[in-house]
Amino acid sequence: MAYKLNEKLKKFTNYEVTDGEYRIRLDANESFIDPGIGLHNRIIDALSKVPLNRYPDDSCKELRKAFGTYYGVDPALVVAGNGSDELISLLIGSFMKKDEKIVTLTPDFSMYKVFADIFERECIEILKDEDLSISTDYLLEELKRINPQAIIFSNPSSPTGLVKKRSEIVKILENTDALVIVDEAYMDFSTESVLDLVEEFDNLIVLKTSSKALGCAAIRLGFAVSSREIVKVLNALRPPYNLNSVTQAIGCAIFSEPEFIKESVSRIIESRNYLYQGIKSLVNSKIEKIYESETNYIYIKTKFAKHIYEELCKRSILIRKFDNSLRITAGTISENDEVIKSVKEILDSLN
Ligand SMILES: *Cc1c(COP(=O)(O)O)cnc(C)c1O
């Protein structure tokens with residue numbers, strides 16, 4: 001007897017997570033801000049009250065209430081998950097049927113396509129323009145032609161950092177019957193959110209995460225916000241007790257400090273601007289372009305992506321590499337200084 005993996009299973013590889021020790025890690029768009037002693041004590045206090053022998057609160061009542069208060073949405077329209085990844089998996093896997101099509105934009109967050117492949121959904125990628133934006137009219141034409149069940153994209157976009165205006169998202173919502181899933185993982189750094197429109201449009205789902213602006217990538221916490229009808233379905237589809245009590249407790253503690261979150265966001269934006277200016281001053285024949293960013297990272301186009309990436313690795317600095325482009329998370333000022341200085345040296349040594 002011999003068990004054989006089928007062809008489908010053989011083609012999957014781990015999501016590109018780089019292990020190993022690096023002095024400076026600017027690869028995963030985490031926040032560089034430590035919660036600080038005040039919030040830390042609040043978290044310890046909340047954790048000490050978690051009844052470990054009991055299942056978590058299945059409905060995440062307190063957490064959804066805290067999220068709703070912070071973002072100004074009705075908690076009844078919120079579902080919590082193990083990072084937005086669990087919710088993306090749920091939407092593409094369980095919410096959609098086998099023969100339904102989903103549209104993604106390219107480039108965008110790679111996990112959309114990965115989940116579509118895992119669940120054997122037909123995934124149609126629409127290429128963005130040369131400047132990495134996409135016109136709403138063109139997108140709507142394509143949606144009409146393809147007639148998908150759903151479209152999913154990040155706004156602001158990962159990896160480009162570009163944002164689509166809220167009015168453009170509204171135009172999409174108004175002109176398609178497809179479910180429009182807007183992943184607002186980085187919207188805390190921008191101002192074009194459509195979170196407040198989930199009751200107005202029955203085809204809108206907004207995804208949020210605690211991993212970026214909230215500085216809590218460790219706890220795996222994400223949210224889907226949508227109409228009552230869709231939320232009811234998502235609750236029926238998700239596993240019971242999907243969100244553990246520890247994550248719920250820490251999530252509540254974070255939202256109880258709105259000033260901390262707001263201050264973190266402005267510090268991160270300041271850091272991103274600093275990094276942006278530093279790398280922008282290096283734009284020349286080797287670094288072709290740096291994109292305007294409304295996120296906590298910068299994205300640059302360069303034919304020397306692989307070389308710069310590898311040379312930074314040698315200096316124990318980790319960033320994210322794509323084909324002919326690099327993404328660098330905004331870090332502390334000293335981390336940013338070191339990256340800017342290193343990139344300059346690496347470019348100079350190419351001459
Ligand atoms: C980081 C990121 C996520 C993942 O969020 P988790 O809540 O950590 O799973 C989702 N979407 C985009 C666009 C991201 O960059």
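This is a predicted model: local features need pLDDT of at least 70, side-chain atom pairs count only at pLDDT 80 or more; totals for chains, interfaces and linings use all residues.
Let me start with helix α11, residues 305–314, and helix α12, residues 333–348, which pack at an angle of about 120 degrees with their axes 10 Å apart. Axes here are lines fitted to C-alpha atoms, for helices over the stretch in contact, and angles run from 0 to 180 degrees between N-to-C directions. That angle makes α11 oblique to α12, given that angles under 35 degrees count as roughly parallel, over 145 as roughly antiparallel, 65 to 115 as roughly perpendicular and the rest as oblique. The contact, meaning heavy atoms within 4.5 Å, is made by His 307, Ile 308, Glu 311 and Leu 312 of α11 together with Ser 342, Val 343, Ile 346 and Leu 347 of α12. Sorted by class, the contact of α11 with α12 has five nonpolar, two polar and one charged residues, where Ala, Val, Leu, Ile, Met, Phe, Trp, Tyr, Cys and Pro count as nonpolar, Asp, Glu, Lys and Arg as charged, and the others, Gly among them, as polar.

Residues are numbered from 1 along each chain as its sequence is written, and side-chain values use heavy atoms, with hydrogens and water left out. Helices (H or I, at least four residues) and strands (E, at least two) are DSSP runs, numbered from the N terminus.

Now to another helix pair. Helix α4, residues 83–95, packs with helix α5, residues 111–118, at an angle of about 45 degrees, with the axes 9 Å apart, and α4 and α5 are therefore oblique to each other. On the α4 side, Asp 85, Ile 88, Ser 89 and Ile 92 meet Met 111, Tyr 112, Phe 115 and Ala 116 of α5; by class, this contact of α4 with α5 has six nonpolar, one polar and one charged residues.

How do α6 and α7 lie, roughly parallel or roughly perpendicular? Helix α6 (residues 136–146) and helix α7 (residues 166–174) pack at an angle of about 20 degrees, with their axes 10 Å apart, and they are therefore roughly parallel to each other. Thr 136, Asp 137, Leu 139, Leu 140 and Leu 143 in α6 meet Glu 168, Lys 171 and Ile 172 in α7, and by class the contact of α6 with α7 has four nonpolar, one polar and three charged residues.

Let me turn to helix α3, residues 61–71, where Leu 63, Arg 64, Ala 66, Phe 67, Gly 68, Tyr 70 and Tyr 71 are buried, buried meaning under 20% relative accessible area, exposed over 50%, and partly exposed in between (1.4 Å probe, protein chains only). The buried residues of α3 pack against β2 (78–81), β7 (204–209), β8 (222–225), α9 (245–255) and α10 (258–280). Just after α3, Gly 72 takes a positive phi of about 70 degrees.

Within helix α9 we find Gln 248, which counts as buried because its relative accessibility is 9%. Leaving out residues up to four places away in sequence, Gln 248 touches Pro 56, Asp 57, Cys 60, Leu 63 and Leu 243.

Finally, the cysteines. The structure holds zero disulfides, a disulfide being a pair of cysteine sulfur atoms within 2.5 Å. For Cys 216, the nearest cysteine sulfur, that of Cys 252, is 12 Å away. Cys 216 counts as buried at 9% relative accessibility, and Cys 123 counts as buried at 18%.
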